[in-house]
Number of protein chains: 2
Amino acid sequence: VLRGIGEDAAIIRPSARRQWLITTDLLAEGVHFLAGEANAVDIGYKAALANLSDIAAMGGIPHYVLVSIAIPASRSTRDIERLYQGLMRACRTHHVELIGGDTSSSRQGLFISITLIGSVTPGRALRRDGARAGDLLYVTGTLGDSLAGLTLLTRASRNLGRSMRGLSLTHQRYLIGRHMRPSPRLRAGQLLSSLRLATSAIDISDGLAGDLSRLCEQSGIGADLETKRIPCSAALKAYCRLTRRDPTKLALQGGEDYELLFTARPGNAARLARLGRRFGCRLSCLGVIRSKRDGLRLRGPQGKTTRLTLRGYEHFHAPDDRRS
Amino acid sequence: VLRGIGEDAAIIRPSARRQWLITTDLLAEGVHFLAGEANAVDIGYKAALANLSDIAAMGGIPHYVLVSIAIPASRSTRDIERLYQGLMRACRTHHVELIGGDTSSSRQGLFISITLIGSVTPGRALRRDGARAGDLLYVTGTLGDSLAGLTLLTRASRNLGRSMRGLSLTHQRYLIGRHMRPSPRLRAGQLLSSLRLATSAIDISDGLAGDLSRLCEQSGIGADLETKRIPCSAALKAYCRLTRRDPTKLALQGGEDYELLFTARPGNAARLARLGRRFGCRLSCLGVIRSKRDGLRLRGPQGKTTRLTLRGYEHFHAPDDRRS
């Protein structure tokens, strides 16, 4: 950055050897966060995280951030400082520099707009439209933790903490941490990009079902998933045993996991398995990409098949299922 | 742009021969525009314009725009379409391409965040901190028109139109047009940058007094202006005669003129005068840059000196004035 805050615009000198990635998000009070329940540090952290995760899903390296905030009179200066603290906590870890933005008053609620600028080797950006029938479908980390963490936090704030006695403090802390301080999968995205291992990728911010539907739509494909392959953490399993919930359902519908969902040619499966440790997280193969007309199907433990839709999933009997 | 809307981030391939300019603005309902009085097309146009003007003030060429909107339930789809129409009307004129953004619902009012990406020849960006004592102070176009136009619109909406009978329709249309469809001074900025004619520049969005104060602060200088040199349009003069207002006051305090205020070495004065026509607008020399301790002084027609402040201006007698 040659000139940043204080000028009409930030000036950056791009490298001729990199393509630039630009992503932007607008977060609204009452929609993305609630006035009462969220700490300003948490709001800031997650606002930055959503954009860092977008750069991860493209296989890029994040560099610069611009932050605009519309501030209602009800917020104190201390709140805004905390918000920037949270933002910069997420950004600093990845050496992302604040280069500009805008501050405005707001008559009605807090609004935050973040623009993140990253870069990627030319031609190596991971895209949403590259998946083909026959590819394998992978996901990083574990799913559903964030939603379980949010539920724990909500219970705690409503003094229902007692009912979580059966869940160890370690498990509770893990799930809450996954909700409040998720990590963008930048390293995984960069490896997939630099080693050309992914045919497509997307980050999971709206739950596996929603973001897989999006990937399928943009690649013009369908997919077969196996329930037992959906990665769930030990903490999530313990939480689900206690609350009599279905961990698969949480993984499919829970949002804000910020894991990467990607597809790869079957010929790269062995290489992906060997690379596992370098990703810095678990890597799971969920199933296989099918043609568009096959749609999205989830095969359960007893061989029962469920059709997934964008808004969640509904039970149905697939033709081969009906025969049995 | 290699990949735009539909991906996690837009991908752009920068040229090694250009530096990149990034600017962002957040506009809030009730602060930057009112729900009732502004047409969605106008809101969109001016949201884009503020950012285009920032690129103009740096001497850059605008290329790409990202638009995020938080939409309250009270707004119709048609409103949002109109808003984009206005945005794109301002952008298309300058060949600016929409490459991404975000849409969110809003519980409380309409919010628009715009990020504009431009470019400039390396080392040629116009800055706010380059003015030195002895430089001449220039401004493009005329000042105060936008505020007069806004007042006319407000009167019209309150059915006070009759009292404007004394003002010709041409003058009324001109002033209202300057308020509703101001042009970013991109050509002027680009000429100043490419010919290295400006030592500093800023766009006037908060009135001459406010933005000159900002320029002085960032360059660490003061300035002497002459009232009679402040450029006012014939329409503004006619409006002021009729309403018994002081055109200088409107020029100093009126916002949203989006003209460029810049400084140049005295040796370039003749060249600037010759270039006039290529700027596509009037060019006026307002006065001369002084040292910081001289502050901001405005010399009136009778030699009376006024001290300018950030919030407007207040009358005072300068030492040399008191002697007379």
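Helices here are DSSP runs of H or I with at least four residues, and strands are runs of E with at least two. On that basis, the secondary structure of chain A comes to 10 helices and 13 strands. The model is a predicted one.

Chain A has 324 residues, and 57% of them count as buried. Its contacts can also be sorted by how far apart the partners lie in the sequence. Among contacts in chain A with a separation of 6 or more, 84% are between residues 24 or more positions apart.

Next comes the relation between the chains. Two copies of a chain are related by a rotation about an axis and a shift along it.

Within chain B, one pair of helices can be followed in detail. Helix 1 of chain B covers residues 40–57 and helix 2 of chain B covers residues 77–92; the two pack at an angle of about 35 degrees, and their axes are 6 Å apart. The crossing of helix 1 of chain B past helix 2 of chain B is right-handed. On the side of helix 1 of chain B, the contact residues include Ala40(B), Val41(B), Ile43(B) and Leu52(B). Helix 2 of chain B contributes, among them, Asp79(B), Arg82(B), Leu83(B) and Cys91(B). Sorted by class, this contact between helix 1 of chain B and helix 2 of chain B has 11 nonpolar, 3 polar and 3 charged residues.

Ser213(A) is in helix 6 of chain A, which spans residues 208–219. Its relative accessibility is 10%; buried means under 20%, so Ser213(A) counts as buried. A polar atom of the side chain of Ser213(A) lies 2.8 Å from the backbone oxygen of Ala209(A).

Ser194(A) is in helix 5 of chain A, made up of residues 186–194. At 41% relative accessibility, Ser194(A) counts as partly exposed, whereas Ser213(A) counts as buried. Which distance separates the C-alpha atoms of Ser194(A) and Gly60(A)? The two residues are 134 residues apart along the chain, and their C-alpha atoms are separated by 9.5 Å.

Key: Residues are numbered from 1 along each chain as its sequence is written. Chains are lettered from A and ligands numbered from 1 in the order in which they are written. This is a predicted model: local features need pLDDT of at least 70, side-chain atom pairs count only at pLDDT 80 or more; totals for chains, interfaces and linings use all residues. Side-chain values use heavy atoms; hydrogens and water are left out. Axes are lines fitted to C-alpha atoms, for helices over the stretch in contact, and angles run from 0 to 180 degrees between N-to-C directions. A crossing is left-handed if the near helix is turned anticlockwise from the far one by less than a right angle, and right-handed if clockwise. Contact means heavy atoms within 4.5 Å. Ala, Val, Leu, Ile, Met, Phe, Trp, Tyr, Cys and Pro count as nonpolar, Asp, Glu, Lys and Arg as charged, and the others, Gly among them, as polar. Buried means under 20% relative accessible area, exposed over 50%, partly exposed in between (1.4 Å probe, protein chains only). A polar contact is a pair of N or O atoms within 3.5 Å; within protein, one must be able to donate a hydrogen and the other to accept it, and residues adjacent in sequence count only if both atoms are side-chain atoms.
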